Amino acid sequence: MNIMDFNVKKLAADAGAFLSRAVQFTEEKLGQAEKTELDAHLENLLSKAECTKLWTEKIMKQTEVLLQPNPNARIEEFVYEKLDRKAPSRMNNPELLGQYMIDAGNEFGPGTAYGNALIKCGETQKRIGTADRELIQTSAINFLTPLRNFIEGDYKTITKERKLLQNKRLDLDAAKTRLKKAKVAEARAAQLNTSQPEENNIMIWAEEVTKSEQEVRITQSEFDRQAEITRLLLEGISSTHAHHLRCLNDFVEAQMTYYAQCYQYMLDLQKQLGSFPSTFLSNNNQSSSAPAQSVSAPSVLASASASLPSVSNSIVTSGISELKSLSGSRKARVLYDYDAANSSELSLLADEVITVYSIPGMDSDWLMGERGNQKGKVPITYLELLN
C-alpha cells in the first residue's frame, strides 16, 4: 500500500513538472515569459556537436554508397546486421564480370586469341573483385564503424543530457516566473493594507515568495550541475574529431592500397594483352551500312600491324624482306594466336614454328604457311623469321 501511494505521488509530481514545463515553453514561444540563455561557450559546443553529427551522418551514408552502390544489397546487409546474422556471400560486380568472361573464353576456346584474352581479363576482374572486398572490409572496420559508434553512442548520450538540460532550464524559468508572480501579488497586497484580512494576505504572499525563492535556488543549482555535465560531454567532440581524423587516414590508406592493386593488375593485363592484336579493329572504321564481307584482309592487317610494337615491326619487316628476296622456304616463329577467317587461311598458335614461303602473285601482306600436312595463307605481321 505504501509503495502504491509512493508511485501515485511520483506520477503526480512528474505530471505536474511536465505541465509546468509545457506552460513555460508555450509562454516562451508566445513571448510571454523570459528564457534563461545558455552561456556563449556552451552554445558554441552545442552547435559544434550538431554540425559534427550532421556531417558524420552524410559522410557515413555516402561512404556506404561508394563501397556498395547497390541499394538493395545495402538494405539486405542492414537487415542482417540488425538480426545479428551474417549476410550470405555473393559475388560482387567485378567478380561476376570476371566469371562471365572466363566462361565465355572457355566457350570460344582457350586456344583462340579472343578466348584466351577473355580468360585473362576475367582472371584480372576477379582479382579486382577480391581487392574490392578487402577495401570494403577494411573501410567498414577502420572508418565506418567508428563513425557509426559516434552517432549511435556518444551523440545519443549528448542528446539525452541535452534534453535533461532543457528540462532543468524550463524548471528554472518556471520557478522564476512563479517567484515573479508571487512578488507582484505581495506588492499588490501591501498596497491594499487597510484591514486585518489583507494583512493575512500579505503574510500568505510573503510565504509564497520565500517558497518560490527557495525553489529558484534549487532549480538553479540543478540547472548549473546539468549544464556542467553537458559541457564536459560536448568538449569531448574535439577528441572525437581527432579520432575520426585517424580513421580518415586509415580509409585513405585502404583506398590507396586498393587503387594501387587495381593499377598493377591492369598494368599486368595490358602487358599480357599486348601479345593479342585485334583482327577486328577495322570493324570500327567501316560504315554502318557496309556489310562485314566488304572488309578486305589487307585493311585488317594494316590496322593490326599499326598496333604492334615498333621493335616487332622492324624485325618482321627485315625478315620478310629477306624472305621475299629468296625463292625457297624458311622457318618462322608465330608471334601471336591467329584464327583463320576461311578455309584458305591457316590458324596459328603463339610460339609454334611453321614453314613459310612466297607464291608469285600473292598479296604482299600474306605468305603461304605449312604445318605438317596443313597449309594456308598466314599474315606476315604474325611471324618472326628464324635463322
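This note comments on the strands and the nonpolar cores of a predicted model.

1. Basis. Residues are numbered from 1 along each chain as its sequence is written. Because the model is predicted, local features need pLDDT of at least 70 and side-chain atom pairs count only at pLDDT 80 or more, while totals for chains, interfaces and linings use all residues; side-chain values use heavy atoms, leaving out hydrogens and water.

2. Strand pairing. Strands (E, at least two residues) and helices (H or I, at least four) are DSSP runs, numbered from the N terminus. Two strands pair if DSSP finds at least two bridges between them. Strand 1 (residues 330-334) runs antiparallel to strand 2, joined by four bridges, and A332 stands opposite I354 in strand 2. Strand 2 also pairs with strand 3 (residues 366-371), in the antiparallel sense over three bridges; here V356 faces G369 in strand 3.

3. Burial of strand 2. Of the five residues in strand 2 (residues 353-357), four are buried, that is, under 20% relative accessible area with a 1.4 Å probe, protein chains only.

4. Largest core. A nonpolar core is a set of buried Ala, Val, Leu, Ile, Met, Phe, Trp, Tyr and Cys residues joined through side-chain atoms within 4.5 Å. The largest has 19 residues, and L42, A49 and F150 are among those with the most contacts inside it. Helix 2 (40-67), helix 5 (113-191) and helix 6 (196-235) each supply at least two residues of this core, with the largest share, nine residues, coming from helix 5.

5. A49 and the second core. Not counting residues up to four places away in sequence, A49 touches Y155, L234 and I237 (contact: heavy atoms within 4.5 Å). A second, separate core of 18 residues includes A332, V378, I380 and L383.

Technical notes:
Buried means under 20% relative accessible area, exposed over 50%, partly exposed in between (1.4 Å probe, protein chains only).
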